[in-house]
Amino acid sequence: MIYTILKLCLSAGIVYAVSEIAKRSVVWGGFVASLPILSLLAIGWLYFETRDVERIAGLSMNIFWLVLPSLLFFVLFPMLLRNGVAFWWSLLLAIAATSAGYAIILLMQRKALP
């Protein structure tokens, strides 16, 4: 139970830290947010809990492929905002595009697997 609480607090703490850093500097906030901290934590926890290197390798590869569609969000969202689209519409459209990207990648993975 303590381990679960530690994982939760550490993950929440990272999100909090990024938002606080971004209030002071969007460059440093973006830098910290772009670090694969949560991925590294997840990989470390998975190794600690299972010692299953094949599962860890699979997680790492899936993180790689699923980062690609997430980039759609970070390109489309600021582009929409800068072109006068309201915040909530920009957010919704960027999330929709990212979701479509995820669906495409997941379908491609499903077809590639035996």
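This is a predicted model: local features need pLDDT of at least 70, side-chain atom pairs count only at pLDDT 80 or more; totals for chains, interfaces and linings use all residues.
Trainee: OK, and what makes Thr-98 count as buried?

Mentor: Buried means under 20% relative accessible area. Thr-98 has 8% relative accessibility, so Thr-98 counts as buried.

Trainee: Where is Thr-98 found, and what is Thr-98 in contact with, leaving aside its neighbours within four places in sequence?

Mentor: Thr-98 is part of helix H5, residues 87–112. Once those sequence neighbours are left aside, Thr-98 is in contact with Pro-69, Ser-70, Leu-72 and Phe-73.

Trainee: What makes Met-61 part of a nonpolar patch on the surface?

Mentor: A patch takes residues with over 30% relative accessible area and no salt bridge, and joins nonpolar side chains within 5 Å. Met-61, at 47%, clears that area cut-off. Met-61 forms the patch with Phe-64, Trp-65, Val-67, Leu-68, Leu-71 and Phe-74, and together they have about 680 Å² of accessible area.

Trainee: And the whole chain, how much accessible surface is there, and what share belongs to carbon and sulfur atoms?

Mentor: The accessible surface of the protein chain is about 8,700 Å², with 76% belonging to carbon and sulfur atoms.

Trainee: Over to H1. How do you know that the span of helix H1 agrees with its number of residues?

Mentor: The expected span is 1.5 Å times one less than the number of residues. For the 23 residues of H1 (residues 2–24) that gives 33 Å, and the end C-alpha atoms are 33 Å apart, so the two agree.

Trainee: Which residues of H1 are buried, and what do they pack against?

Mentor: Ile-14, Val-18 and Glu-20 are buried in H1. The buried residues of H1 pack against helix H2 (26–34) and helix H3 (37–50).

Trainee: What makes the pattern of this chain α-α-α-α-α?

Mentor: The protein chain has five helices and zero strands, and α-α-α-α-α is how the elements run from the N terminus on.

Trainee: How does the radius of gyration of the protein chain stand against that of a compact globule?

Mentor: A compact globule of 114 residues would be near 13 Å, but the protein chain has 17 Å. Along its principal axes the C-alpha trace spans about 50 × 40 × 25 Å.

Note on methods. Residues are numbered from 1 along each chain as its sequence is written. Side-chain values use heavy atoms; hydrogens and water are left out. Helices (H or I, at least four residues) and strands (E, at least two) are DSSP runs, numbered from the N terminus. Buried means under 20% relative accessible area, exposed over 50%, partly exposed in between (1.4 Å probe, protein chains only). Contact means heavy atoms within 4.5 Å. Patches are made of residues with over 30% relative accessible area and no salt bridge: like charges are joined within 9 Å, nonpolar side chains (Val, Leu, Ile, Met, Phe, Trp, Tyr) within 5 Å. Accessible areas come from the Shrake-Rupley method with a 1.4 Å probe; for residues, only the protein chains shown count as cover. A salt bridge is a side-chain nitrogen of Lys or Arg within 4 Å of a carboxyl oxygen of Asp or Glu. The radius of gyration is taken over C-alpha atoms; the globule rule is 2.2 Å times the number of residues to the power 0.38.
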